Amino acid sequence: MDGDVLLQAIASGLLIGMVYALISVGLTLIFGLMEIVNFAHGEFLMLAMYAAFFGRSLLGLDPMLSMPATVGLLFLLGVLTYRGLISRILHAPMLAQIFATFGLGLFLRGLAQFFWSSDFRSVQDPFLAGLSGGNVNVGAVSLGVPQIAAACLAGLAFLALYLFIDRSRTGLALQAVAEDRATASLMGINSDRMFALGWGLGAACVGIAGAVLATFYYIYPSVGVVFALIAFITVALGGFGSVPGALVAGLLVGLVEVVSPTLFGFSPAYKYAVVFGFYLVVVLVRPQGLFGRF
Amino acid sequence: MNVDLRSRTGRWLVAAVALVALVLFPLFVGGGSWLNTAVLVLLYAGLAQAWNILGGFAGQVSLGNAAFFGIGAYTSTVLLDRWNVSPWLGMPVGAIVAAAFAVAVFFPFFRLGGHYFAIATIALAEILLILFTNWAFVRGARGITIPFVRGPDRRPTDSWAFLQFNESRVPYYYVVLGLAVLAVATAVVVERSKLGYYLRAIKNDQQAARSLGVPVLRYKLIAVAISAAVTAAFGTFYAQYLLFIDPETTMRLELSVLIALVAILGGVGTVVGPLLGALVLIPLSEVTRSQLAGSGNTLDLVLYGGLIMLIAAFQPNGLVAIGDRFRRRREAVRPAGDETERGEAPLVGAPGTRN
């Protein structure tokens, strides 16, 4: 088989993998903190993409310029979700928690469809797509500028998140709450506020991902469903609650999705089946995921 | 009349009255949209009941039951389409195939805990959906249309032998009613048998159950086999009801989630819960869809999602728990010594317990 084709596939796989990782890290952050899976995560992403779209169509702002606002809005959405819904079901059975966030997802998707219709939309001439003719060639490998930018931004976001969680006082407080809620509150940490912050951060990660995805992906109310499904797989693969796990698993999922059809010569129609199968194989060997503690 | 509805006789009385009402129901509504709603209620009540055997009694949350539903629908339909085998024969064959598939696949799955298990079941159903969408033998994404059974005058006609009713839809109602009664009877038998006690022991504390000598894996496999077989039987019914199947209608994730949702909103781990859930949720979804979605908007999804959130937030143990609340209040004023609670299934995971 052609080496260049394989190289191209690997590079594309890693780029999309970074975006998967960024979406998944928000999910895993929330889970690590309070053991709740946010089944509305895909709808958060969808809202971020619409925010980028309307920033362009109503205000004329490029998604890159409106990104801080998008991230801010998503942070707010995360905090509101925690205050309005999650704080009420912190001690509810796991099943009720699953369906509370699932209901929220349906609710948001329904609203989006109601207000913005189910038309496919795309951002008009995003700045990134015009940069350097939209493509960068390295040897025989050709990569889209928006995809490269998305991967770089995801990398930066990861770094920032890591520094925040590992180095700042607030980040340490977050970790303390994740470790032991009761002891942390004895140390004077307001766990309720930390939970709200966790939801804000988790949603903010999706805000970045949504803003960059909007530059090269169609935007429609159920766009989040596929991404959320992949994010669930990624998070479980990396191990629920593990931030490095989300990064490694995201890259792996991206690689498997893009490289395996090229390598083994089957139709791309099966690519997600391979990704899901890959998850099953890994998790059956390591039931706690790659980096999981649980 | 002065019968305590919670006593043994009381419960049978309620069940008998409900059954008579259900049998007479079509006489009052004819064959319109109300009949369709009733068919869907019974369909989801049965599916949720089947989910409940694994998810409610044993606490193993599956979000992939559409896989079994699809296997049931496809087995009977392919048999009918290729070899002209009656769905009445296809139904048990589909149930056996689904049960065998479930046992083979869940054998390794049962090592996984909590969310890892739930996501594995999602992955399984999605893989099956993708494979069927691209599988030429089952006509891929285009799906299979079941040909009409035609009478001597070449017009589509009713046929009990081939489970197809084109002149009046009412027989479909009685078929699904029969299946639903069968599903409930299965759940009742499971609940009261050794199997049921073992499953609840597994849910409450798997380690403790194992140390007391409960063969945990074997009983989980029995539970999933029963659950899959019942789900598959409804799959065959659904294929005959629509006379068309494709991978999307029979295996999509939303179907898996809705099955679990009906059981959970009603109240898991009880026989009444899934019935209650279907009775509330399905008509609501049908009415909102026909009233609101008809005008081209999707307020039905908004309402539906909002309601699910509300119930999860304010009634996290399901609708059956509303009754329990009143009961507890009543018992508080009752004299001591009169607290003969029998066979009450515990509601899932009290705060603090992990499944």
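## A glutamine in a loop of chain B

Helices (H or I, at least four residues) and strands (E, at least two) are DSSP runs, and their numbers count from the N terminus. With that in hand, let us look at this model, which is a predicted one. Q164(B) sits in the loop of chain B that runs between β1 (144-145) and α6 (170-192).

Is Q164(B) buried or exposed? Its relative accessibility is 1%, so Q164(B) counts as buried, the cut-off for buried being under 20%. The side chain of Q164(B) reaches the backbone nitrogen of V149(B) at 2.7 Å. Setting aside residues up to four places away in sequence, Q164(B) touches a stretch made up of I146(B), P147(B), F148(B) and V149(B), then T157(B), D158(B) and S159(B), and also Y172(B), Q240(B) and L243(B).

## Salt bridges in chain A

Side chains of opposite charge can pair when their charged atoms come close. Over all chains, the structure holds 4 salt bridges. One of them joins E43(A) to R109(A), with the closest N and O atoms 3.0 Å apart. E43(A) belongs to helix α2 (residues 41-59) and R109(A) to helix α4 (residues 94-116), so this pair ties together parts of chain A that are 66 residues apart in sequence. Both E43(A) and R109(A) are buried.

Another salt bridge pairs D192(A) with R83(A), and here the closest N and O atoms are 2.7 Å apart. Because D192(A) lies in helix α9 (residues 191-213) and R83(A) in helix α3 (residues 63-84), the pair ties together parts of chain A that are 109 residues apart in sequence. D192(A) is partly exposed, with a relative accessible area of 32%, and R83(A) is partly exposed too, at 41% relative accessibility.

E257(A) and K271(A) also form a salt bridge, with 3.5 Å between the closest N and O atoms. This pair links helix α11 (residues 243-264), which holds E257(A), to helix α12 (residues 271-285), which holds K271(A); the two residues are 14 residues apart. E257(A) has a relative accessible area of 6% and is buried, whereas K271(A), at 25%, counts as partly exposed.

## Where chains A and B meet

The size of an interface is often given as the accessible area lost when the parts come together. Between chain A and chain B, about 4100 Å² is buried, and carbon and sulfur atoms give 80% of that area. The contact involves 47 residues of chain A and 44 residues of chain B.

What kinds of polar link are found here? There are 0 salt bridges between chain A and chain B, while 5 residue pairs are in polar contact, counting pairs with both residues at pLDDT 80 or more. On the side of chain A that touches chain B, α4, α10 (223-238) and α12 each supply at least two residues. The largest share comes from α4(A), with 15 residues. By type, the residues on this side of chain A divide into 35 nonpolar, 9 polar and 3 charged.

## The nonpolar core

Which residues touch the most other members of the largest nonpolar core? They are F44(A), Y279(A), L43(B) and F106(B), in a core of 216 residues.

Y279(A) is a handy one to follow on screen. Leaving out neighbours within four places in sequence, Y279(A) is in contact with I233(A), A236(A) and L237(A) of chain A, and with Y116(B), I119(B), A120(B) and A123(B) of chain B.

Terms used:
Residues numbered from 1 in each chain as written. Chains lettered and ligands numbered in written order. Predicted model: local features only at pLDDT ≥ 70, side-chain atom pairs only at ≥ 80, totals over all residues. Heavy atoms only, no water. Salt bridge = Lys/Arg side-chain N within 4 Å of Asp/Glu carboxyl O. Buried < 20%, exposed > 50% of the residue type's maximum accessible area, 1.4 Å probe, protein only. Contact = heavy atoms within 4.5 Å. Buried area = accessible area lost by both parts, 1.4 Å probe. Polar contact = N/O pair within 3.5 Å; in protein donor to acceptor, adjacent residues only side chain to side chain. Nonpolar A, V, L, I, M, F, W, Y, C, P; charged D, E, K, R; others polar. Core = buried A, V, L, I, M, F, W, Y, C linked by side-chain atoms within 4.5 Å.
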